[in-house]
Amino acid sequence: MRARGSQLPGWRGWTPPVSLAAIDAARTAASRGGRVDALLRPFLAPGPQVYRITRAGIDRDRPLSIGMTKGNNSIAQRIIEHYRQPSRADPRVNTAIRNLQPGQILVQAARLTRQAMHPRRARNYEGWLQDRERPLLYDPNSTTFDEMALMRNN
């Protein structure tokens with residue numbers, strides 16, 4: 001039996017892990033009007049989304065990082081920023097993944113009941129998951145939440 005309050009409403013777990021290589025290929029296919037596998041569509045959807053990064057063969061017991069997208073970015077855009085754009089990335093995530101091959105970087109999207117949710121609610125899920133899973137790059141005093149996007153949208 002679960003303890004009361006141990007799970008947020010709407011939490012349905014993580015998608016299966018997919019590699020950054022597969023996400024990048026899906027992004028390219030979508031930009032050319034090609035077909036995108038249903039497993040990869042959550043990574044291309046814009047809006048506030050929560051994701052989890054692990055390194056294949058390295059992170060066995062805990063994920064490397066749990067974060068959320070900014071503004072209308074997709075998970076694919078955010079992961080590519082972490083990997084290829086150090087000036088836009090979380091420096092700790094960039095340092096941990098920049099020397100890996102795209103096939104070694106595994107990403108999962110949070111499966112939440114409400115899509116296109118308000119950034120504050122997505123931030124609640126991000127914080128709850130970070131507290132629950134304690135990723136390797138966990139810092140309880142920081143967040144990837146884009147507060148400026150909230151101010152611009154209100």
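Is the crossing of helix 1 and helix 2 left-handed or right-handed? In this predicted model, the two helices cross in the left-handed sense. Helix 1 spans residues 20–31 and helix 2 spans residues 75–84, and their axes come within 10 Å of each other, crossing at roughly 125 degrees. That angle makes helix 1 oblique to helix 2.

The contact itself can be followed residue by residue. Helix 1 contributes L20, I23, D24 and R27, which meet A76, Q77, I79, I80, Y83 and R84 of helix 2. Sorted by class, the residues in this contact comprise six nonpolar, one polar and three charged.

Attention now turns to the aromatic side chains. Two aromatic pairs are found in the structure. In one of them, the ring centres of W11 and W14 lie 5.4 Å apart with the planes at 80 degrees, so this pair is edge-to-face, as angles over 60 degrees are counted. Both W11 and W14 are buried.

W11 also forms an edge-to-face pair with W128, with 5.7 Å from centre to centre and 75 degrees between the planes. Here the partners come from distant parts of the chain: W11 belongs to strand 1 (residues 11–14), whereas W128 sits in helix 4 (residues 119–133), 117 residues apart. Like W11, W128 is buried. Taken together, the ring pairs join W11, W14 and W128 into a cluster.

Conventions: Residues are numbered from 1 along each chain as its sequence is written. This is a predicted model: local features need pLDDT of at least 70, side-chain atom pairs count only at pLDDT 80 or more; totals for chains, interfaces and linings use all residues. Side-chain values use heavy atoms; hydrogens and water are left out. Axes are lines fitted to C-alpha atoms, for helices over the stretch in contact, and angles run from 0 to 180 degrees between N-to-C directions. Helices (H or I, at least four residues) and strands (E, at least two) are DSSP runs, numbered from the N terminus. Angles under 35 degrees count as roughly parallel, over 145 as roughly antiparallel, 65 to 115 as roughly perpendicular and the rest as oblique. A crossing is left-handed if the near helix is turned anticlockwise from the far one by less than a right angle, and right-handed if clockwise. Contact means heavy atoms within 4.5 Å. Ala, Val, Leu, Ile, Met, Phe, Trp, Tyr, Cys and Pro count as nonpolar, Asp, Glu, Lys and Arg as charged, and the others, Gly among them, as polar. Rings of Phe, Tyr and Trp (its six-membered ring) pair if their centres lie within 6.5 Å; planes under 30 degrees apart count as stacked, over 60 as edge-to-face and the rest as tilted. Buried means under 20% relative accessible area, exposed over 50%, partly exposed in between (1.4 Å probe, protein chains only).
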